Amino acid sequence: VGGEEFLLVVLAVDVAEALAIGLALLIGISTLGASVKTSIRAAIGEQFTGDFAVSTSDQGFGGLPPRLADEIDALPEVEAAAGIGIGLINLIEDGEPAGKTVITVDATRAAKVFDIEILEGGWDRLDSSGIFVSEDKAERDGLALGSTVEAVFQDRSTRTLTVAGIIDSDLFGNLVVDRTLFEGQQTDLFDLQIAVISAEGTAAADAEAAIRSVTDGYPTAELQPRDEFIDDQVSQIDGFLNFIYALLLISVFIAVLGIVITLLLSVYERRRELGLVRAVGMTRPQVRSSVRLEAFITALLGSLFGLVLGLSLGWVVVQALRDEGLTDFDVSIGTIGIFVALAIGLALLAAWYPAWRAARADILDAIATT
């Protein structure tokens, strides 16, 4: 192998590696995204046992008024309707107040609608002076069932809260209180979502019609069946994933430019050989096909390496984040297939101009090249 041919081989390998790295990052992110979606779907599906969900369609207005959950709960077609809201309090930690966001619920109704893992305590203990604490926060702060914490409200009043339960739930975060904790406070409470479970023996269509008759009176309320609600929650990460994909596609585009440059160099360095094969009978379409085949092989090798590397990278990241709630490893076959096909398609497109140059070369001038 001559020096020029060796250089071309090295360049082709480098281009395949660049394509493999870019594709591996895309596939790794795709695998991570699919795993996150599957984990979210599983977590919500396990802890949310309701049949319908009412969400706010416009976050700019704060949320849904708590009376909406009361009105839905009063319907004969509904067994229970529990709202999930957010409140702000200060907890005394190390002698200093620390601002905390707490999830507010109606404990009696939440016990019927949500199936969260309560390690110690129970919903019956969560009253106006109780608080649920996540297992992680309890370990960090040295809290246990029956421990007390001091809470400071916006009006500067204080109250001693008793740990009524230790929970392990991604749905409710670190702190959960009963909404009666804020009674008498100058605090506007809103529900971000309302989970609804139908009364036993009630058809889904009848329950939905009854609930919609109430929610139609609230312009920002959006009623969704269980499966649609879960799909909507999972789809919220699509925007972030698409943004990452757009950034990583730039690396694939750069690799495709590398294929163009490598093929142009290949055509230039082998112009005498191309002239000779043309002289002995190779047609212009056959020359173009040979150049395109070279681009296809380079892209195929890069895609195979990228596929293996990307899936391995995704699996490693998912395993590393297992303790953070990423419990399921999943692969988006369709998305990966699109990325691989896109990479190969762009490589073939990149070969168009070099193939045209090779086929249009003058035979006698090419043969005379030294």
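A nonpolar core is a set of buried Ala, Val, Leu, Ile, Met, Phe, Trp, Tyr and Cys residues joined through side-chain atoms within 4.5 Å. Keep that in mind as you work through these exercises on a predicted model.

**Exercise 1. Find which residues have the most contacts inside the largest nonpolar core, and which elements build this core.**

Step 1. Start with the core itself: the largest one holds 28 residues. Those with the most contacts inside it are L19, L23, L26, I259 and L263.

Step 2. Next, look for the elements that give two or more residues to this core: they are α1 (3–47), α7 (238–269), α9 (284–320), α10 (333–350) and α11 (352–360). Helix α7 supplies the largest share, nine residues.

Step 3. Now zoom in on L26. Setting aside neighbours within four places in sequence, L26 is in contact with Y245, L248, L249, V252 and F339.

Step 4. Finally, look elsewhere in the protein. Another core, of 25 residues, lies apart from this one, and A53, I116, L126 and F132 are among its members.

**Exercise 2. Decide whether α10 and α11 are roughly parallel or roughly perpendicular to each other.**

Step 1. Two packed helices are described by the angle between their axes and the distance between the axes.

Step 2. For α10 and α11, the angle is about 30° and the axes are 4 Å apart.

Step 3. Angles under 35 degrees count as roughly parallel, so α10 and α11 are roughly parallel to each other.

Step 4. Check who makes the contact: α10 brings L348, L349 and A350, while α11 brings W352, Y353 and P354. Sorted by kind, the residues of this contact are six nonpolar, no polar and no charged.

**Exercise 3. Work out whether S55 is buried or exposed, and what S55 touches.**

Step 1. Locate the residue: S55 sits in strand β1 (residues 52–56).

Step 2. Its relative accessibility is 8%. Buried means under 20%, so S55 counts as buried.

Step 3. List the partners of S55, leaving out residues up to four places away in sequence: L64, L192, Q193, T220, A221, E222, Q224 and F229.

**Exercise 4. Find where the predictor's confidence, pLDDT, is lowest and highest among the elements.**

Step 1. Begin with the whole protein: pLDDT averages 81, and 88% of the residues score at least 70.

Terms used:
Residues numbered from 1 in each chain as written. Predicted model: local features only at pLDDT ≥ 70, side-chain atom pairs only at ≥ 80, totals over all residues. Heavy atoms only, no water. Buried < 20%, exposed > 50% of the residue type's maximum accessible area, 1.4 Å probe, protein only. Contact = heavy atoms within 4.5 Å. Axes fitted to C-alpha atoms, helices over the stretch in contact; angles between N-to-C directions. Parallel < 35°, antiparallel > 145°, perpendicular 65-115°, else oblique. Nonpolar A, V, L, I, M, F, W, Y, C, P; charged D, E, K, R; others polar. pLDDT = per-residue confidence, 0-100.
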